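Colleague: Hi! Could you walk me through this model when you have a minute?

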Amino acid sequence: MNIELDLITACINRERRAEYELYKLTYSYLMSICIRYTNNKEEAEEILNTGFLKILNNLTKYRTEIPFKVWMRKVMINVLIDSYRKEKTRNEQIKYVENYIETSDFADVNNALVKMNTEQIYRLIKQLPPMSQKVFNLYAIDGFAHKEIAEMLDMSEGTSKWHLSFSRQQLKEMIAKMVSSKTTVS
Amino acid sequence: MSTEEQNFDDLLKSKLNESEFAFNEANWDKAEQLIIRAEEKRKRRRIGFIFFFGMLLGICIMIPFIGDKSSIDKNLRSEKEALAYTNKIETKPKIESSKKVTEADVKPMNKNGGSNSISKSEVDKNSIKEVRKEDGEKTNLIEPGRTKKQKNSLANEVLTQVKEPNTNRKAPQSVRGEDYKSESNMPIIKEKEIIGSNESIKNKKEGIIEKANEIVSINQEKTESQAISVQTSDSANIPVLINSSLKKDTVITIKDSIIKTKIDSSKAIALDTTKAFKKSTIFSIDAGVNYTFGWTNNSTKEAAGVNAIFGISTTHQFSKKWGALLGIQYTSLAHLNYSNFTSNNLQYDFGYNQTKTVITPTILYYVAVPIKLQYNFNEKNGISIGANFLYLLTTNSKVGSYTQGTFGSPNYKTSTKFGYMDGFATWDLQPALAYRRRIIKCLSINAEIYYGLMDIKNNAAFGLAKSEHNNGFKITLSYNLSHK
């Protein structure tokens with residue numbers, strides 16, 4: 001994805017053709033972010049459009065010192081977190097699992113992970129509890145620090161760390177289960 | 001974080017980054033709709049801001065200008081019969097404006113032309129002192145040698161002069177204006193012997209006031225409610241401004257450079273401006289019309305025209321100038337003709353039977369709640385700024401039904417029905433600026449201009465591409481129910 005500065009300028013000038021071009025160029029990347037934070041593709045598309053509108057409206061604030069991709073990702077994640085906050089009233093119940101079974105070590109899991117395709121990984125992430133899923137996405141994939149995540153999701157740093165650890169463990173278990181079921185079948 | 005954990009994260013990240021999503025054109029259409037809607041909203045907000053800013057600017061310009069003038073007008077109008085001849089005052093030489101009368105400014109003269117000195121160098125506004133002449137003698141304000149009857153007749157004579165400003169005035173002989181001397185044509189008035197204070201006037205219904213309050217200013221610009229013009233024997237008018245409210249029939253006489261007052265009645269000429277304002281609530285019935293500017297859709301003009309308004313309102317006066325208005329009104333938006341809902345029904349039986357129904361909403365009925373802040377320039381004129389909140393009650397639609405079958409001739413029926421509200425905004429907000437003028441005591445006329453912020457018709461429902469706003473002006477008559 002290579003975004004020209006001219007294209008950004010044209011978008012600032014509200015040229016519809018340029019807006020379309022930008023949308024087309026960034027669609028895949030933005031969708032890959034949205035899909036990780038939402039429950040289904042329709043919801044992801046809806047948030048993608050809202051996020052894209054926010055990107056267009058804030059283009060004047062974009063500074064060329066930072067890569068456009070990074071800036072765009074930041075805006076998109078903010079939109080996703082805002083959307084999550086709006087839905088927070090549903091009062092998500094977080095079940096703290098005190099003891100989880102140690103299945104296999106990371107080495108085995110990593111070997112299995114290499115063989116998995118993206119679709120399978122998405123499916124695994126989606127099986128995580130929503131809050132853990134968000135923390136894992138923000139920390140492991142999008143590179144935010146626990147402090148930032150704590151501010152974004154209105155929790156303590158400790159809780160963020162717990163969610164990350166819990167997510168990893170859950171994913172590990174799920175991958176191990178997948179591997180063992182495949183072995184049994186074969 | 002262990003290396004294995006790090007590897008796990010990195011692996012996941014790289015796997016996820018591999019993902020590709022095919023561009024969906026339909027998704028762009030949705031995004032475009034969002035962009036268009038956002039642009040319209042931004043435009044609307046800009047117009048609303050300009051409108052609001054314009055109103056604020058208008059008020060800022062008008063308030064100081066009209067408010068100041070009207071207060072002078074009001075005061076002079078209400079008291080001109082009895083006291084003030086402003087035109088005359090204007091022609092008189094001015095004395096230093098806004099300057100407290102001091103010993104130096106006011107040089108009372110005795111009969112021999114010599115000036116009396118005042119013992120105090122500075123005038124104390126609130127003090128009422130017994131005034132003494134230079135020689136230490138107490139000032140005698142009552143002319144010696146006159147009976148009470150004579151004095152009363154003299155008082156009436158002066159009063160006649162004062163009350164009829166346009167008649168050829170003659171200086172009352174009894175007023176000893178001839179003794180009044182001035183080098184500079186200025187009223188030479190003995191300070192602290194001029195006018196009774198409010199308190200002294202109240203207490204002394206009859207007779208000449210001996211104790212007096214001080215002059216605050218002798219300056220036409222400083223005219224408040226106490227402008228007095230006193231005519232002397234040489235037909236000169238002496239402008240005198242005092243810091244007290246005069247009561248009806250206050251008689252002013254001049255003797256030996258001393259202006260004296262006499263009270264014949266305590267009935268007030270005008271409202272006492274010093275009286276504290278009492279908060280009040282007024283209820284009114286409003287009725288009138290509004291003219292909606294309307295809008296154009298594909299060269300079809302709609303909604304433009306006159307609609308009726310009626311309702312009730314209440315105004316709470318916080319102060320003499322400021323008040324708040326809250327009301328409830330019925331209003332409508334008629335002359336709609338462009339947008340419609342169409343339904344087709346085709347049934348096959350023995351042959352076919354087709355029914356086409358076209359529903360065209362023509363009138364939208366609203367209940368409006370105006371909330372405004374009022375500013376009264378004076379008793380008769382005022383402006384208000386605020387907003388009307390509109391709620392769509394129902395609609396009136398023209399329903400045309402066209403039926404055609406295999407057998408028989410086509411049939412076309414029209415009827416009117418209420419209640420098709422799909423596609424219309426339920427709420428509307430109209431910032432408004434209004435001017436009110438009182439016609440008679442219980443009736444006022446209001447002129448208002450308003451701008452509707454909401455899009456009346458949902459573009460998606462009617463397949464439209466532009467926003468329709470309910471803008472216009474209204475003229476209403478308000479009957480004051482609280483009037484006694």
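Modeller: Happy to. Let's start at B:His335, which sits in the loop between β9 (322–333) and β10 (341–349) of chain B. Keep in mind that this is a predicted model.

Colleague: What is the phi of B:His335 like?

Modeller: The phi of B:His335 is positive, about 65°, although the residue is not a glycine. Most residues other than glycine have a negative phi.

Colleague: And how exposed does B:His335 count as?

Modeller: B:His335 counts as partly exposed, because it has 16 C-beta neighbours inside 10 Å. The cut-offs here are 20 or more for buried and 12 or fewer for exposed.

Colleague: What is A:Met155 in contact with, leaving aside its neighbours within four places in sequence?

Modeller: On that basis A:Met155 is in contact with A:Ala150 and A:Ser160.

Colleague: How far is A:Ser167 from A:Asn137?

Modeller: Their C-alpha atoms are separated by 9.7 Å, and the two residues are 30 apart along the chain.

Colleague: Stepping back, what is the secondary structure of chain A?

Modeller: Chain A has 9 helices and 0 strands. Of its 186 residues, 32% count as buried. As for contacts in chain A with a separation of 6 or more, 63% of them are between residues 24 or more positions apart.

Colleague: How do α2(A) and α3(A) pack?

Modeller: Their axes are 9 Å apart and the angle is about 130°, so α2(A) and α3(A) are oblique to each other. The crossing is right-handed.

Colleague: Which residues meet there?

Modeller: From α2(A) you have A:Glu19, A:Tyr23, A:Leu30, A:Met31, A:Cys34 and A:Ile35, and they meet A:Lys41, A:Ala44, A:Ile47, A:Leu48, A:Gly51, A:Phe52 and A:Leu56 in α3(A). By class, that contact has 10 nonpolar, 1 polar and 2 charged residues.

Colleague: And α3(A) with α4(A), at what angle do they pack?

Modeller: About 125°, with the axes 9 Å apart. That pair is therefore oblique, and its crossing is right-handed. On the α3(A) side the contact includes A:Ile47, A:Gly51 and A:Lys54, while A:Met72, A:Met76 and A:Leu80 are among the residues from α4(A). The residues of the contact of α3(A) with α4(A) are 7 nonpolar, 3 polar and 1 charged.

Colleague: Which residues touch the most other members of the largest nonpolar core?

Modeller: Of the 26 residues in that core, A:Leu30, A:Met31, A:Cys34, A:Leu48, A:Phe52, A:Met76 and A:Leu80 touch the most other members. Two or more residues each come from α2, α3 and α4 (68–87) of chain A and from α2 (25–79) of chain B. The most, 9 residues, come from α2(A). Apart from this core lies another, of 18 residues, among them A:Leu113, A:Ile125, A:Leu138 and B:Leu12.

Colleague: Last topic: how many residues are in contact between chain A and chain B?

Modeller: 25 residues of chain A are in contact with 22 residues of chain B. On the chain A side, at least two residues each come from α2 (16–37), α3 (41–57), α5 (106–115), α6 (118–126) and α7 (130–141). The largest share, 8 residues, is from α2(A).

Colleague: How does the side of chain A that touches chain B divide by class?

Modeller: That side has 16 nonpolar, 5 polar and 4 charged residues.

Technical notes: Residues are numbered from 1 along each chain as its sequence is written. Chains are lettered from A and ligands numbered from 1 in the order in which they are written. This is a predicted model: local features need pLDDT of at least 70, side-chain atom pairs count only at pLDDT 80 or more; totals for chains, interfaces and linings use all residues. Two residues are in contact if their C-beta atoms, placed from the backbone, lie within 7 Å. Helices (H or I, at least four residues) and strands (E, at least two) are DSSP runs, numbered from the N terminus. Ala, Val, Leu, Ile, Met, Phe, Trp, Tyr, Cys and Pro count as nonpolar, Asp, Glu, Lys and Arg as charged, and the others, Gly among them, as polar. A nonpolar core is a set of buried Ala, Val, Leu, Ile, Met, Phe, Trp, Tyr and Cys residues joined through C-beta atoms within 7 Å. Axes are lines fitted to C-alpha atoms, for helices over the stretch in contact, and angles run from 0 to 180 degrees between N-to-C directions. Angles under 35 degrees count as roughly parallel, over 145 as roughly antiparallel, 65 to 115 as roughly perpendicular and the rest as oblique. A crossing is left-handed if the near helix is turned anticlockwise from the far one by less than a right angle, and right-handed if clockwise.
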